[in-house]
Amino acid sequence: MKTLLLAATALLALSTQADAARFSAINGNKLLQICTNPKTTTSCTAYIEGISDTMSLYQELRPQDGSKGDSLPAYVCVPTEVTGVRQRDTVVNYLKSHPDSASRQAAGVVADALREAFACR
């Protein structure tokens, strides 16, 4: 249930209608705090996996070939063997190397970090 809720939140983050999107109050700085605190790393991992899963689902529902509606570019392709912990480490490293992301909305930061690390070929 928690993963489903996180996935739904992430799907909103990918919405193209600014007036219809609702984002959480978590920004990059808060996400970094959550992801580096040993007491909350599980929550961080679940949040990131929810966004990753939602991005993958969205791409599956709207494949590049246009067979299920308007085609979308492949945005991120996380290999199946990549664990949630590795995705979390990827996001943490991204946040540390992109301090300008501290004030950005967390879902967008996660999407950018995953795209940078796992871009589709």
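**View 1. Asp112 in its setting.** Asp112 counts as buried because its relative accessibility is 16%, below the 20% cut-off. The model is predicted. Asp112 forms a salt bridge with Arg104, with the closest N and O atoms 2.7 Å apart. Arg104 counts as partly exposed, at 30% relative accessibility.

**View 2. The salt-bridge network of Arg104, Asp112 and Arg115.** Asp112 also meets Arg115 in a salt bridge, at 3.4 Å from N to O. Arg115 and Asp112 lie three residues apart in helix α5, so about one helical turn separates them. An α-helix has 3.6 residues a turn, so residues three or four places apart point the same way. Arg115 has 34% relative accessibility and counts as partly exposed. The count of salt bridges comes to two.

**View 3. Helix α4 packed on helix α5.** Helix α4 covers residues 84-97 and helix α5 residues 106-117. Their axes are 9 Å apart, at an angle of about 105 degrees. The two helices are therefore roughly perpendicular. On the α4 side, the contact uses Gln87, Thr90, Val91, Tyr94 and Leu95. Their partners in α5 include Val109, Val110, Asp112 and Leu114. By class, this contact has eight nonpolar, two polar and two charged residues.

**View 4. Helix α4 and its buried residues.** Buried residues in α4 include Gly84, Arg88, Val91, Val92 and Tyr94. The buried residues of α4 pack against α2 (28-36), α3 (41-61) and α5.

Key
Residues are numbered from 1 along each chain as its sequence is written. This is a predicted model: local features need pLDDT of at least 70, side-chain atom pairs count only at pLDDT 80 or more; totals for chains, interfaces and linings use all residues. Side-chain values use heavy atoms; hydrogens and water are left out. Axes are lines fitted to C-alpha atoms, for helices over the stretch in contact, and angles run from 0 to 180 degrees between N-to-C directions. Helices (H or I, at least four residues) and strands (E, at least two) are DSSP runs, numbered from the N terminus. Angles under 35 degrees count as roughly parallel, over 145 as roughly antiparallel, 65 to 115 as roughly perpendicular and the rest as oblique. Contact means heavy atoms within 4.5 Å. Ala, Val, Leu, Ile, Met, Phe, Trp, Tyr, Cys and Pro count as nonpolar, Asp, Glu, Lys and Arg as charged, and the others, Gly among them, as polar. Buried means under 20% relative accessible area, exposed over 50%, partly exposed in between (1.4 Å probe, protein chains only). A salt bridge is a side-chain nitrogen of Lys or Arg within 4 Å of a carboxyl oxygen of Asp or Glu.
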